[in-house]
Amino acid sequence: HDDGYLSECLLNLRNKGIAVETDSPLCYNTHSPMENYGKGRRLPMENEARQKIEPQYKWRLTDIYETEEDWEKALQRVVSLNDQMKGYRGRLGESAAVLAEALALDEKLSVELEQMFLYTKLYRDLDHADPYYQSLNDRALSVLYQVQEDGAFVMPELAAIQPDTLLKWVRETPALRDYAHMADDIIRSRAHVLSEREEQLMAMATPALETMDTAFTLLDSVD
């Protein structure tokens, strides 16, 4: 496309409230409406407040949860599922039936957790200057970190099951057949799996390790 078309596209994005970061000479051409913006600079939003942007240009997060009350219920479901999952600590190697129950529960927990967390993260990303959704996302993160810490026993216990036993269970138990690839991966990497305490320490360190990146993201986006 010619320069005129590209210039119109950039201007249209800006008028819709989208911050555009570009090295294009169109952004500092004296004949461009954006002549005051330097090379490599981020073009400021025409609508500085996210609330002024028309709904069709925003994520429709009601597709995840219709209301915030629905999200609250989902958060409580995650907490409840995590409590149930902790009941399998020290039991994954008992039998194929117990393992199948635990893996099914762990999968359900993971799906609920991901959806619950994603909802708050996307709302936070709509406007990093909004303290309300920052606090909502912090609550989701707190639950996420707790689930990771509490679930530190899963991988070490799976790796502790003898390979022949694990493969036999997967082969002979219909509820475990979908986990055949996972079983192969565990057997292949079992020599490199950390102990439960080491896995727990790694999970506990996650909040501190991510603090600087989170702070930079918020400051960079807001400023």
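Which residues do ring pairs link into a cluster? Tyr65, Tyr119, Tyr123, Tyr132 and Tyr133.

## About the model

This is a predicted model, where local features need pLDDT of at least 70, side-chain atom pairs count only at pLDDT 80 or more, and totals for chains, interfaces and linings use all residues. Residues are numbered from 1 along each chain as its sequence is written, and side-chain values use heavy atoms, with hydrogens and water left out.

## The tyrosine rings

There are 4 aromatic pairs in the structure (ring centres of Phe, Tyr or Trp, using its six-membered ring, within 6.5 Å; planes under 30 degrees apart are stacked, over 60 edge-to-face, the rest tilted). One of them is stacked: Tyr123 and Tyr133 sit 4.5 Å apart, centre to centre, with 5 degrees between their planes. Tyr123 belongs to helix α3 and Tyr133 to helix α4, so this pair ties together parts 10 residues apart in sequence (helices are DSSP runs of H or I, at least four residues, numbered from the N terminus).

Tyr133 also pairs edge-to-face with Tyr132, at 5.1 Å centre to centre and 80 degrees between the planes. Tyr133 is buried, because its relative accessible area is 18%, while Tyr132 counts as partly exposed at 38% (buried is under 20% relative accessible area, exposed over 50%, partly exposed in between, with a 1.4 Å probe and protein chains only).

## Helix α4

Helix α4 covers residues 131-150. Its buried residues include Leu136, Leu141 and Val147.

## A spot on helix α3

Asp106 is found in helix α3, residues 96-126. Asp106 counts as partly exposed, at 25% relative accessibility. The C-alpha atoms of Asp106 and Asn82 are 8.3 Å apart, though 24 residues separate them along the chain.

Definitions and conventions. Helix = DSSP H or I, 4+ residues; strand = E, 2+ residues; numbered from the N terminus. Expected span 1.5 Å × (residues − 1).
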